[in-house]
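Please go through the strands, charged pairs and backbone angles of the model shown here. The report below takes them in turn.

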Amino acid sequence: MNKNKKQMKHNVTSKKAVIYLRVSSKGQEEHGYSLDAQEKMALEYAAKQGLEVVKIWKGAESAWGREERANFSAMLSFVKKHSEVQHVIFDVLDRMTRNDMDKIRIAELVKDYDKIIHFSRDNKVYSRWSSPDDEFMIDVQVAVAKKLSNDISRKTAMGMQEKAEQGIFPACAPIGYLNNKLTKRIDIDPVRAPFIKKIFEMSASGAYSLK
């Protein structure tokens, strides 16, 4: 397909769009990557492109795991069901996905559902008319994002193991204890700990039901 035909095909596409925004965790506020910053840039991008945003998904979701990617899955289902919605706007590629499985799901949107993927921060577009070189670069960027994600997971696991070997509980403090933000250790909760101790003592006596 020559350039003129490609351009003509793009001109007859719908202008309806959705936006998907994410951070990796509720506590994450990466510089320039907060949900508010992503939303502002995505809306500005949509306005410049003459796109009508009909729905926005945003929240904290890991790039891994089916249950954790509820918004992502909901967005995919929505755009598949609504043929008039032809554009999906992300911030940058690693806000879209950091794994091969979701890359395949995005490719399905493009190839089988004729959707157009936008990256507002990079001002880039991925569609069925993208060149082989552009598709290759998408694959490379997903691979790089996946590598960074794997490195973060590995370093986190190493840090938790090191804490455990030092006798430090390597997670959020259970009820009856508190996370000390200054010392990074676990302290006994002076208010709730006595009640937790009493519960175990009553249970161990055999005189009380679980309820």
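Strand E1 and strand E3 (residues 85–90) pair in the parallel sense over four bridges; two strands count as paired if DSSP finds at least two bridges between them. Across this pairing, Ala 17 stands opposite His 87 in E3. Strands here are DSSP runs of type E with at least two residues, helices are runs of H or I with at least four, and both are numbered from the N terminus.

This is a predicted model, in which local features need pLDDT of at least 70 and side-chain atom pairs count only at pLDDT 80 or more, while totals for chains, interfaces and linings use all residues. Residues are numbered from 1 along each chain as its sequence is written, and side-chain values use heavy atoms, with hydrogens and water left out.

E1 also pairs with strand E2 (residues 52–60), again in the parallel sense, over eight bridges. Within E2, Lys 55 is the bridge partner of Val 18. How many of the eight residues of E1 are buried? Seven of the eight residues of E1 (residues 16–23) are buried, so this strand is largely enclosed by the rest of the structure. Buried means under 20% relative accessible area, exposed means over 50%, and partly exposed lies in between, with a 1.4 Å probe and protein chains only. In a regular strand the side chains alternate between the two faces of the sheet.

**Salt bridges**

A search of the whole structure finds eight salt bridges. A salt bridge is a side-chain nitrogen of Lys or Arg within 4 Å of a carboxyl oxygen of Asp or Glu.

| Glu 52 | Lys 16 | 3.3 Å |

Glu 52 and Lys 16 form a salt bridge with their closest N and O atoms 3.3 Å apart. Glu 52 lies in strand E2 and Lys 16 in strand E1, so the pair ties together parts that are 36 residues apart in sequence. Glu 52 is partly exposed, at a relative accessible area of 43%, and Lys 16 is partly exposed at 27%.

Where does Lys 115 lie? Lys 115 is in the loop between helix H5 (100–113) and strand E4 (116–119). Lys 115 is buried yet has no salt bridge, and the nearest side chain of opposite charge, Glu 84, is 6.9 Å away. For charge, Lys and Arg count as positive and Asp and Glu as negative, while His and the chain ends are not counted. A polar atom of the Lys 115 side chain lies 3.2 Å from the backbone oxygen of His 82. Not counting residues up to four places away in sequence, Lys 115 touches residues including Val 79, His 82, Val 85, Leu 109 and Tyr 126, where contact means heavy atoms within 4.5 Å.

Asp 114 lies in the loop between H5 and E4. Asp 114 is not a glycine, but its phi is positive, at about 60 degrees. At 16% relative accessibility, Asp 114 counts as buried.

**Other backbone points**

Asn 123, in the loop between E4 and strand E5 (124–126), has a positive phi near 55 degrees in a residue other than glycine. Asn 123 counts as exposed, at 54% relative accessibility.

Helix H7 (residues 193–205) has 13 residues, which at 1.5 Å a residue should span 18 Å; its end C-alpha atoms are 19 Å apart, which agrees. The expected span is 1.5 Å times one less than the number of residues. Just after H7, Gly 206 takes a positive phi of about 80 degrees.

Definitions and conventions
Polar contact = N/O pair within 3.5 Å; in protein donor to acceptor, adjacent residues only side chain to side chain.
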